[in-house]
Amino acid sequence: MSFAGLVSAVRRFGDRHRRLSAIAVVATLIVGIVVPSSVIGHADDERERVEAAAAAALEQRFVDYYLGALGRLQPLGSQLVDDASAWATSASPLLTADDVLALQSTAAAVDESLARTPAADATSGDLEQLWNSQWAMIEGARERFDYVIGRAAAVAKAHLDAAPIADAASRQAVVDAIAALTAADAAHESVAQPLATVTAAVAAVDASQAAAVAAAAAAAAAAAAAAAEAAKKKGGGGSRGVSVSCGASSAVYVSEVLALVNAERANAGLGALSMSNSLNATAQAHATCMASSGNFAHSSNPGGWSRWGENIAKGYNSASSVVSAWMGSAGHRANILNPSYTYMGLGYVASGNWWCQQFGA
């Protein structure tokens with residue numbers, strides 16, 4: 001290697017302290033050997049020997065540097081493989097089938113890359129190339145993992161948003177678990193356990209929401225039964241406009257009405273409403289009660305909502321016709337276009353076409 005080649009090799013060190021160390025090695029060899037050789041008149045031979053010795057010393061430093069760097073990549077890559085494998089086999093409902101496939105392929109690719117070990121006589125160039133390859137693989141795997149983690153956190157948040165009347169402790173547990181997951185990912189720490197924690201927290205908040213809805217429906221059913229019994233004793237149903245509580249019924253297909261409502265809100269420059277399972281349940285309960293009792297009247301806030309509203313209708317045989325009727329009525333239109341509402345639920349009974357639309361925030 002020529003002297004110019006030595007200078008070029010020294011410049012390969014990006015770290016300032018390592019570059020200075022390499023310069024010191026070269027300078028020591030030159031000062032220690034070139035000066036004596038010039039004295040005894042063998043400058044050319046000695047210069048070549050000095051350059052060769054300096055090049056060998058510098059090459060060894062590069063070899064040691066990249067061997068150390070490759071060694072530091074191993075635990076980083078192994079953690080990614082372990083986490084990706086754990087997530088892929090977790091059967092967590094927060095992950096889609098595509099997420100699982102992406103995690104499996106990521107684990108396999110990183111594992112294969114880490115399995116490539118340098119030969120005993122590998123040069124610094126060989127080691128640098130291997131390090132660049134493994135580092136690029138790990139960085140790419142991190143990006144894919146970050147995407148999957150982001151999706152899982154979003155799904156967990158959606159479960160939380162769909163559980164507005166779950167108990168406060170279970171809701172807070174989801175918030176805390178999502179924060180712990182994103183923090184571990186940002187710090188490049190293992191995310192296997194944080195995923196398990198988020199999955200468990202989501203299951204708990206779903207169960208709490210279902211229990212709260214069931215309890216509300218049971219209470220409403222009991223109240224409806226008592227009201228029906230009282231009505232029988234009085235010889236008829238209630239009067240129009242009286243507030244009543246109603247029992248639970250079958251599930252309601254809310255998507256068509258929700259789409260029409262959100263279209264009206266979009267035309268008015270308002271944000272879209274989201275479907276609420278709890279509002280679906282209470283709206284369906286009230287629609288069923290109106291149909292069974294013949295009492296066309298509003299219900300009351302089922303609890304769990306800081307803001308709540310309701311539209312009811314009878315006799316309309318399609319989603320488009322009932323939404324059109326509501327939009328043609330000032331009070332009903334005000335509910336549909338209320339900017340403070342964020343959720344909607346719907347109840348419908350086909351026999352008689354009884355409708356109940358509820359809003360919440």
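What span should the 17 residues of helix H9 have at 1.5 Å a residue, and how far apart are its end C-alpha atoms? Hold that while I set the ground.

This is a predicted model: local features need pLDDT of at least 70, side-chain atom pairs count only at pLDDT 80 or more, and totals for chains, interfaces and linings use all residues. Residues are numbered from 1 along each chain as its sequence is written, and side-chain values use heavy atoms, with hydrogens and water left out.

The protein chain has 11 helices and four strands. These are DSSP runs, numbered from the N terminus: H or I of at least four residues for helices, E of at least two for strands.

Back to H9, residues 277-293. The expected span, 1.5 Å times one less than the number of residues, is 24 Å, and the end C-alpha atoms are 24 Å apart, so the two agree. Its buried residues (under 20% relative accessible area, 1.4 Å probe, protein chains only) include Leu-279, Ala-283, His-286, Cys-289 and Met-290. Gly-294 follows H9, with a positive phi near 75 degrees.

Now a helix pair. H4 (residues 97-114) packs on H5 (residues 124-161) at about 160 degrees, axes 10 Å apart. Axes are lines fitted to C-alpha atoms over the stretch in contact, and angles run from 0 to 180 degrees between N-to-C directions. That makes H4 roughly antiparallel to H5, the term for angles over 145 degrees.

Notes. Angles under 35 degrees count as roughly parallel, over 145 as roughly antiparallel, 65 to 115 as roughly perpendicular and the rest as oblique. Buried means under 20% relative accessible area, exposed over 50%, partly exposed in between (1.4 Å probe, protein chains only).
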